[in-house]
Amino acid sequence: MKSHLLEGKVHHRRVRPFTYDLRHGVYYLAVDLDELQTVTRRFRLLSRNRPNVLAFYDRDHLDPPADDLPGRIRAHLRGEGFEPAGWSIMLVTNLRVLGYVFNPASFYLCRDRDGNMGALVVEVHNTYGERHLYTLRPEQTNSTHVATMAKAFYVSPFIEIAGGYVVRFYDYPDGLRIAIDQRSEGAPLLHTSLALRRLPLSDRNLARLLLRHPLVTLKTIAAIHWHAFRLWRRGARFHRHGASARAPGGLPPGSGKSGQAGEAVR
């Protein structure tokens, strides 16, 4: 079975107009979408599209919400000019914990028949219930995949929709690291990273992660609002949601745009 668990740290560091640093523990499910039905039937603590301690719901992804996620993401790839027949797609995402989930970002690692990274799709959610897909064609050097892109989705009220990103994706046998650096007006603004180690997928490991990171998705949404309050208190410029929620050029949230990726965090 290719599907597994990932555990580690998320780290955000803002460098302008002041330094602001945060980090906390997280875990993710990395599920091969061809194994999705098998995985969610095999483990007592995990279900698909029905309540459980941990649950994967297709409708928690894509816009409009998916009823068959594996089929929908392959259709999206075809719409972006790829031919994903025979590809494996590994989704790195949060699960619902006791019915609740908030996914700042999920990552679809799309590999061709030879195991090469054909595409990286980043699905970004904001706290207004909006979703946006960014489809990247990363260049590979050894175990590192790199892509650049323009920002096109409202996520944080303290960062405008402007500037661009460099996404670096490090794929190791024992772990995974994703780094997203945002630049605005030609200077660094925000560094975000996930440093995760791989764990076998089992009921025992699921139970251990539940105890080590209780209510992790509720903690995520609470942390977003707590750190937003602290940024506001420190005088960070506030960008209202509304017209600014649309991408440059009038693209609505949820539109795919090849060669782009988005801000997953504040």
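# Close-up views of a predicted model

**View 1. The side chain of arginine 131 reaches the backbone oxygen of leucine 62 at a distance of 2.7 Å.** This is a polar contact, a term for N or O atoms within 3.5 Å of each other, where, within protein, one atom must be able to donate a hydrogen and the other to accept it, and where residues adjacent in sequence count only if both atoms are side-chain atoms. The model is a predicted one, in which local features need pLDDT of at least 70 and side-chain atom pairs count only at pLDDT 80 or more, while totals for chains, interfaces and linings use all residues. Residues are numbered from 1 along each chain as its sequence is written, and side-chain values use heavy atoms, with hydrogens and water left out. A polar atom of the side chain of arginine 131 also lies 3.3 Å from the backbone oxygen of histidine 61. A salt bridge needs a side-chain nitrogen of Lys or Arg within 4 Å of a carboxyl oxygen of Asp or Glu.

**View 2. Strand β9, residues 131–136, contains arginine 131 and is mostly covered, with six of its six residues buried.** Strands (E, at least two residues) and helices (H or I, at least four residues) are DSSP runs numbered from the N terminus. From β9, Arg131, Leu133 and Thr135 point one way, while His132, Tyr134 and Leu136 point the other way. Six bridges pair β9 with strand β8, residues 117–125, in the antiparallel sense; two strands count as paired if DSSP finds at least two bridges between them. Valine 124 has histidine 132 in β9 as its bridge partner. Five residues lie between the strands of the hairpin of β8 and β9, where glycine 129 takes a positive phi near 80 degrees.

**View 3. Strand β2 has bridges to β1 and to β5.** Because eleven of the 13 residues of β2 (residues 20–32) are buried, this strand is largely enclosed by the rest of the structure. Strand β1, residues 4–14, runs antiparallel to β2 and is joined to it by eleven bridges, and the two form a hairpin with five residues between them. Within this pairing, glycine 8 has valine 26 in β2 as its bridge partner. Strand β5, residues 88–93, is also antiparallel to β2, through four bridges, and here alanine 30 stands opposite valine 92 in β5. Arginine 14 has its place in β1 and counts as buried at 6% relative accessibility, while a polar atom of its side chain lies 2.6 Å from the backbone oxygen of arginine 16.

**View 4. Strands β3, β4 and β6 form an open sheet in the order β3-β4-β6, with mixed pairing.** The edge strands, each pairing on one side only, are β3 (46–48) and β6 (96–97). Two bridges pair β4, residues 54–56, with β6 in the antiparallel sense, and alanine 55 stands opposite arginine 96 in β6. Arginine 96 also forms a salt bridge with aspartate 60, whose closest N and O atoms are 2.9 Å apart. Aspartate 60 lies in the loop between β4 and α2 and arginine 96 in β6, so the pair ties together parts that are 36 residues apart in sequence. Aspartate 60 is buried at 12% relative accessibility, and arginine 96 is buried with a relative accessible area of 15%.

**View 5. Two further charged pairs are among the twelve salt bridges that the structure holds.** Aspartate 34 and arginine 74 form a salt bridge with their closest N and O atoms 3.4 Å apart. This pair links distant parts of the chain, 40 residues apart, with aspartate 34 in the loop between β2 and α1 (36–42) and arginine 74 in helix α2, residues 69–79. Aspartate 34 counts as exposed at 55% relative accessibility, whereas arginine 74 is buried at 16%. In the other pair, the side chains of aspartate 171 and arginine 111 meet in a salt bridge of 2.0 Å, N to O. These residues lie 60 apart, aspartate 171 in strand β12 (residues 164–172) and arginine 111 in strand β7 (residues 105–111), and both are buried.

Technical notes: Buried < 20%, exposed > 50% of the residue type's maximum accessible area, 1.4 Å probe, protein only.
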